[in-house]
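Here are my notes on this model, written as numbered points you can check against the coordinates as you read.

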Amino acid sequence: MRIIGTGLTGLLGSRIVELLTDYQFQNLSRVTGVDITSKDQVSSAIANSSSSLVLHLAAFTDVDGAEKEKDLKEQSLVWKINVEGTKNVLEACEKSNKKIIYFSTDMVFPGTKEVPEKYTEEDKTGAIGFYAKTKEEAEKLIEKATCPWLIIRPAYPYRSNFEKKDFVRNFKQLLEAGKQIEAVSDHFFTPTFIDDLAKVLDLAISENLTGKLHVTGGEIVNPLEAALKIADFFKLNKDLIGKTTRDKFFKDRAPRAYNLSLNNDKIGKLGVRMHSFQEGLIELKKQLAI
Ligand SMILES: NC(=O)c1ccc[n+]([C@@H]2O[C@H](COP(=O)([O-])OP(=O)(O)OC[C@H]3O[C@@H](n4cnc5c(N)ncnc54)[C@H](OP(=O)(O)O)[C@@H]3O)[C@@H](O)[C@H]2O)c1
């Protein structure tokens, strides 16, 4: 099966392409002549594709960089890529009645639920930072689509290697370098092992799933707990890990919500077993040893 997609060179997309070898992927990117902010480029690339499915992962993903642009509102690059770009991809899908799978984020939620409560697919969104608002706005466009659609929400995704760091490799590399880290204790989330995300996507394609799907591990962690687990697991120096709070750590950065934990019962019912954070670390270590 041929699949056309955007963002297939990124942290998530490149691993999906690596793992789902039964599909033939075609990436639309600035390198291949398609900037998603150009309606014409997107429209002709999608219209000319024989694929009946479009994976849309491309995004401006620098959360703190996005916050710096927030006063520019709809003139900001993050808005142009995440909202206008999604609109372009969506309209092209609608024109040729292709299905769109849009990759969103746990950050669309306000995060005010008490831990260990989790957000379900049916809960109302209410993003707090500017990056998150652009992703939420794009979700709203997708929900009104006239073509079939699926919204996938991963959270704090991690994998064993890639040029762009994720939070696990960031903590691990800092600790390996003997650097002191300050880890937040009042920000909770349910991290996604990216290999699991590829497995769920494969199922979502073969079962032709539509609607919204939370694709996260079931285990809730905060950055402090995550850093301690990483240190424990990889036998690194725990004394380098200090405790801080969201207010201090994110003072001049994008605000982070208190509890972004996502309920993943829906994928559980589909028969998918996601790695817990601990199990994800075990798998990651195995892959690093190869
Ligand atoms: N990473 C996370 O923590 C996280 C968490 C939850 C959800 N997500 C969502 O998952 C998706 C993938 O994230 P990621 O972390 O894998 O992204 P990433 O590594 O930052 O890669 C971004 C991708 O988007 C493409 N892109 C950016 N601007 C573009 C444009 N104007 N036109 C065409 N392509 C463009 C890039 O292609 P080039 O090669 O052209 O630069 C790249 O392939 C995003 O939608 C993100 O919001 C990410």
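1. The shell around the ligand is made up of 12 nonpolar, seven polar and four charged residues. In this count Ala, Val, Leu, Ile, Met, Phe, Trp, Tyr, Cys and Pro are nonpolar, Asp, Glu, Lys and Arg are charged, and the others, Gly among them, are polar. Of the 23 residues around the ligand, the nearest are Thr9, Leu12, Thr61, Tyr131 and Lys135; a residue is near a molecule if one of its heavy atoms lies within 4 Å of it. Helix H1 (11-19) and helix H5 (130-143) each give at least two residues to this shell. Helices (H or I, at least four residues) and strands (E, at least two) are DSSP runs numbered from the N terminus.

2. A word on what you are looking at: this is a predicted model, in which local features need pLDDT of at least 70 and side-chain atom pairs count only at pLDDT 80 or more, while totals for chains, interfaces and linings use all residues. Residues are numbered from 1 along each chain as its sequence is written, and side-chain values use heavy atoms, with hydrogens and water left out.

3. Now for the polar atoms at the ligand. One of its nitrogen atoms lies 2.9 Å from a polar side-chain atom of Asp35. Lys164 places a polar side-chain atom 2.9 Å from a ligand oxygen, and a polar backbone atom of Ala59 is 3.3 Å from an oxygen atom of the ligand. On its own the ligand has 900 Å² of accessible area, and the protein covers 85% of that (Shrake-Rupley method, 1.4 Å probe).

4. The structure has 18 salt bridges, each a side-chain nitrogen of Lys or Arg within 4 Å of a carboxyl oxygen of Asp or Glu. Arg15 is buried at 13% relative accessibility, whereas Glu18 is partly exposed at 43%. Both belong to a salt-bridge network that also links Arg159 and Asp195.

5. Glu176 is partly exposed at 44% and Lys172 is buried at 12%.

6. Which parts does the salt bridge between Asp64 and Arg256 tie together? The closest N and O atoms of this pair are 2.9 Å apart. Asp64 lies in helix H3 (residues 63-68) and Arg256 in the loop between helix H9 (246-249) and helix H10 (265-269), so the bridge ties together parts 192 residues apart in sequence. Asp64 is buried at 17%, and Arg256 is buried at 12%.

7. Finally, please look at Thr216, in the loop between strand E7 (211-214) and helix H8 (223-233). Thr216 is buried, with 0% relative accessibility. Its side chain makes a polar contact of 3.5 Å with the side chain of Thr190.

Key: A polar contact is a pair of N or O atoms within 3.5 Å; within protein, one must be able to donate a hydrogen and the other to accept it, and residues adjacent in sequence count only if both atoms are side-chain atoms. Buried means under 20% relative accessible area, exposed over 50%, partly exposed in between (1.4 Å probe, protein chains only).
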